[in-house]
Amino acid sequence: MNIASSLAIIALAALIHASFQLSVSVLTLLGGHAIGAKKSQAKVLRLTTSFVFGVGVMTVLLLSFVSLVLLDVFGGQTPQVVWAIGCGLLFGVGVAVWLFYYRRAKGTSLWIPRPIASYLHERTKATGRSAEAFSLGLTSVLGELIFIIAPIAISALVLIQLSPVWQLVGIATYAVISLLSLTIIWVLIGSGHKLSHIQEWREANKYFLQFAAGSGLIILGFYVYVVEVLGSTVGGV
Amino acid sequence: MSLAIDIIKRNGQRPSENFSREKLHASILAACLSVRTPVGQAESIAHAVSDSVISWLETKPEVTSHDVRRITVKHLRTHHPDAAYIYEQHRLTI
């Protein structure tokens, strides 16, 4: 696989990651609590910035960790069966996202374990310092691990085939693109938009986002399967 | 100010507590402020909605927190639909 294809797969995986909504929900709530508690706009901006930074750091750590483990186990030559398992994970999570991502009720509640959702909700309410917002960002990435593990795993498989410099470029590309949706919400909150309008848009479009994320995972799985499993099998014959 | 009314929290999963006007007022105020309502207007809306909820509560010996939330949203919607939406969505966001 050439560098352009590798970066394209990483970019698509990161875009799918960006469409997952737990961190966006937590950021919306955090903004609401901070503004509702009469905090200054500068303080609101500091809290939300720290949160986004926390999400970015945990995303980079997670991707690097998975890449390191895969590199340690397989070296630069990943067996085809591992690619097939990675594609299976993408298909499986894609179908699960289609079926289960949002709860069938009002609002934007997600199919994540309720204790995790309650914990994030309570912590969001209690967050008043930048360091707390940063750690909330770290935690919220772990909260949606069940969904983001598929794009992260396939990106890690692609990353370990690249040279060290391109690995860094790939990790940076993944981190920047996966933060796109969060950055948009951060800009909207920072520029004084009403949270009700942001939440209304999210609620009105939640099934579209769910369909897009699920479809993206399946398309990515299909592409990687054709290139890495079928392509090398046919090429080998 | 506390009325002698028991609020049953989350269908009895948490201990009941006395109704607190301050707590209700603070939650409505926070919802109004979070949609960028000026402080003075937010205070008067919180005051008016709290009064309406208390007059509804006076005829009841005990209610659930869900009922209080529902009635609050109903009254808040007449004053400030955006704040009512945020108030309603608060527990439905994550």
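**Helix packing and chain contact in a predicted two-chain model**

Helix 4 (residues 80-100) of chain A packs against helix 7 (residues 145-159) of chain A at an angle of about 155°, with the axes 9 Å apart. Axes are lines fitted to C-alpha atoms, for helices over the stretch in contact, and angles run from 0 to 180 degrees between N-to-C directions. Helix 4 of chain A is therefore roughly antiparallel to helix 7 of chain A (angles over 145 degrees). Their crossing is left-handed (the near helix is turned anticlockwise from the far one by less than a right angle).

The model is predicted: local features need pLDDT of at least 70, side-chain atom pairs count only at pLDDT 80 or more, and totals for chains, interfaces and linings use all residues. Residues are numbered from 1 along each chain as its sequence is written, while chains are lettered from A and ligands numbered from 1 in the order in which they are written.

On the helix 4 side of chain A, the contact includes Val82(A), Trp83(A), Gly86(A) and Leu89(A). Helix 7 of chain A contributes Phe147(A), Ala150(A), Ala153(A), Ile154(A) and Leu157(A). Contact means C-beta atoms, placed from the backbone, within 7 Å. The residues of this helix pair divide into 11 nonpolar, 1 polar and no charged. Ala, Val, Leu, Ile, Met, Phe, Trp, Tyr, Cys and Pro count as nonpolar, Asp, Glu, Lys and Arg as charged, and the others, Gly among them, as polar.

Chain A has 11 helices and 0 strands. Helices (H or I, at least four residues) and strands (E, at least two) are DSSP runs, numbered from the N terminus. The radius of gyration of chain A, 19 Å, is close to the 18 Å of the globule rule for 237 residues, so chain A is as compact as a globular protein of that length. The radius is taken over C-alpha atoms, and the rule is 2.2 Å times the number of residues to the power 0.38. Among contacts in chain A with a separation of 6 or more, 87% join residues 24 or more positions apart.

Chain B has 4 helices and 3 strands. Their order along the sequence is β-β-α-α-β-α-α. For chain B, the corresponding share of contacts between residues 24 or more positions apart is 49%.

The contact between the chains takes 23 residues from chain A and 13 from chain B. Helix 1 (21-34) and helix 4 (81-89) of chain B each give two or more residues to the side that touches chain A. That side of chain B divides into 8 nonpolar, 3 polar and 2 charged residues.

Note on methods. Contact = placed C-beta atoms within 7 Å. Parallel < 35°, antiparallel > 145°, perpendicular 65-115°, else oblique.
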